[in-house]
Amino acid sequence: MAGHGTDRHPHGADRLCDAGDRVYSRAVRRGRVPREDAEAVPCLVELALLHPDPDDMGWLVPTSPQEVMTRLIRGVYEEVSASRARLGDAVAAFEWYAGLGGRVQAQAEGVAIRVLDGLPRIRAAMDEATEACTSEVLTVQPGGIRREDELSEGLHRALEMRRRGVRMRDLYTHVARHGQGLHNYMEMMGGSAEARTLDEVVERLILFDRKVAFIPANDDRTIALELRHPALVDYLVTVFERLWRLAIPLAAPLPETGIDGITHRERSIAALLAEGHQDAVVAERLGISVRTCRAHIARLSETLGAASRTQLGVRIAQAGLDGPPRSPELLPFSAPGPESPTGR
């Protein structure tokens with residue numbers, strides 16, 4: 001029966017079929033549903049959204065939406081982390097192949113992967129891709145607040161694509177929200193562009209029409225790779241789409257942490273500290289300065305009542321700040337302290 005249900009309902013808990021949505025919604029509202037109500041939607045039991053009532057096996061009770069959400073977020077985060085690792089392996093593998101030499105191989109790979117050495121070559125290739133683009137541009141912009149010169153450097157390309165009806169989707173870190181330049185840029189783009197933000201994103205990425213991608217090939221971004229291999233480009237599109245699903249629209253406020261005195265950014269810092277990262281690494285991944293990062297850590301220590309870094313790690317775990325957000329009623333620790341600061 002499980003296999004039959006999977007064939008009829010090929011989806012996950014994040015996108016229920018209409019029948020499953022109706023039965024699960026009814027179960028959440030009423031607290032339980034008769035087992036026969038779920039016979040037509042075995043996907044709910046298979047996805048652990050419904051389970052037998054231990055007091056009466058003829059009824060099914062719902063798994064709480066908060067628990068389902070936490071499970072989904074954790075799963076997607078794990079998928080994205082694995083995708084980032086695979087992307088690094090893929091680039092390293094192709095660099096190794098490129099170094100093997102051979103005229104035939106060089107000609108074959110030159111079409112799929114092109115090394116752009118120097119900013120003039122990079123800009124020329126970007127202009128060429130912009131002119132050829134007809135429908136969609138996807139970008140990932142890491143770092144913090146976007147400088148005016150960074151935004152203006154690509155403004156002429158964006159305006160030209162807007163004129164042709166090309167749609168643009170951009171991913172930034174949450175820190176970028178605090179720069180007025182980004183908001184001005186999005187206002188100029190109007191309905192042609194949409195921006196979302198995350199705590200942290202992958203390295204810079206630009207995708208044109210899901211056919212050609214540009215990624216940096218060194219730390220100062222003076223060398224780039226132009227990728228046209230369909231498998232690599234499809235892979236990068238998948239990474240972008242998964243990050244996009246996790247991201248929060250620029251126009252929407254960041255969610256509350258659920259703990260008094262802890263800002264969204266401090267929750268992000270706490271999670272990275274719990275993973276064992278040093279201050280400089282945390283700052284780089286969140287797009288803030290080391291000084292700002294340490295100021296947040298000091299406020300986090302004060303709010304959680306931690307007198308040392310070791311004690312801070314314990315308090316972070318007790319407060320449930322070492323992983324995806326939990327439902328407030330499940331938290332074993334409620335942080336005392338003043339009203340939440342702005343986090344800016």
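Reply: One of the residue pairs behind that is T139, whose bridge partner in β8 is I206. Before more of this, note that the model is predicted, so local features need pLDDT of at least 70 and side-chain atom pairs count only at pLDDT 80 or more, while totals for chains, interfaces and linings use all residues. Residues are numbered from 1 along each chain as its sequence is written, and side-chain values use heavy atoms, with hydrogens and water left out.

Me: Which strand pairs with β5 in the parallel sense?

Reply: That's β6, residues 167–173, with six bridges to β5. T139 turns up here too: its bridge partner in β6 is D170.

Me: Why is β5 called mostly covered?

Reply: Buried means under 20% relative accessible area, exposed means over 50%, and partly exposed is in between, using a 1.4 Å probe and protein chains only. In β5, six of six residues are buried. E136, L138 and V140 point one way from the strand, V137, T139 and Q141 point the other way, and all are buried.

Me: What does V140 touch, once residues up to four places away in sequence are set aside?

Reply: Contact means heavy atoms within 4.5 Å. On that basis V140 touches L171, V201, V202, E203, R204, L205 and F240.

Me: What makes a set of residues a nonpolar core?

Reply: The members are buried Ala, Val, Leu, Ile, Met, Phe, Trp, Tyr and Cys residues joined through side-chain atoms within 4.5 Å. The largest one here has 27 residues, and V140, L171, L205, L207, L227, L236 and L243 touch the most other members. At least two residues each come from α4 (65–98), β5 (136–141), β8 (205–208), β9 (212–216), β10 (223–227) and α10 (230–246). α10 gives the largest share, nine residues. Another core, of 26 residues, lies apart from it and includes M126, V137, M161 and M168.

Me: How do you know that S83 is buried?

Reply: S83 has 6% relative accessibility, and that's why it counts as buried. It lies in helix α4, and beyond its neighbours within four places in sequence, S83 is in contact with Y235, V239 and R242.

Me: And why is A252 called partly exposed?

Reply: Its relative accessible area is 26%, so A252 falls in the in-between class. A252 lies in the loop between β11 (248–249) and α11 (264–274). R196 is 56 residues away from A252 in sequence, yet their C-alpha atoms are 9.0 Å apart in space.

Me: What puts the buried residues of α8 on the same side?

Reply: The buried ones in α8 (residues 155–163) are L155, R157, A158 and M161. They cover an arc of only 160° around the axis, which puts them on the same side of α8; the arc is that of the directions from the helix axis to the C-beta atoms. Just after α8, G165 has a positive phi of about 85°.

Me: What order do the strands take in the open sheet?

Reply: The order is β1-β3-β2, with antiparallel pairing. The edge strands are β1 (33–34) and β2 (50–53), since each pairs on one side only. β2 and β3 (residues 56–62) are linked by four bridges, and the bridge partner of H51 in β3 is V61.

Note on methods
Pairing = 2+ DSSP bridges.
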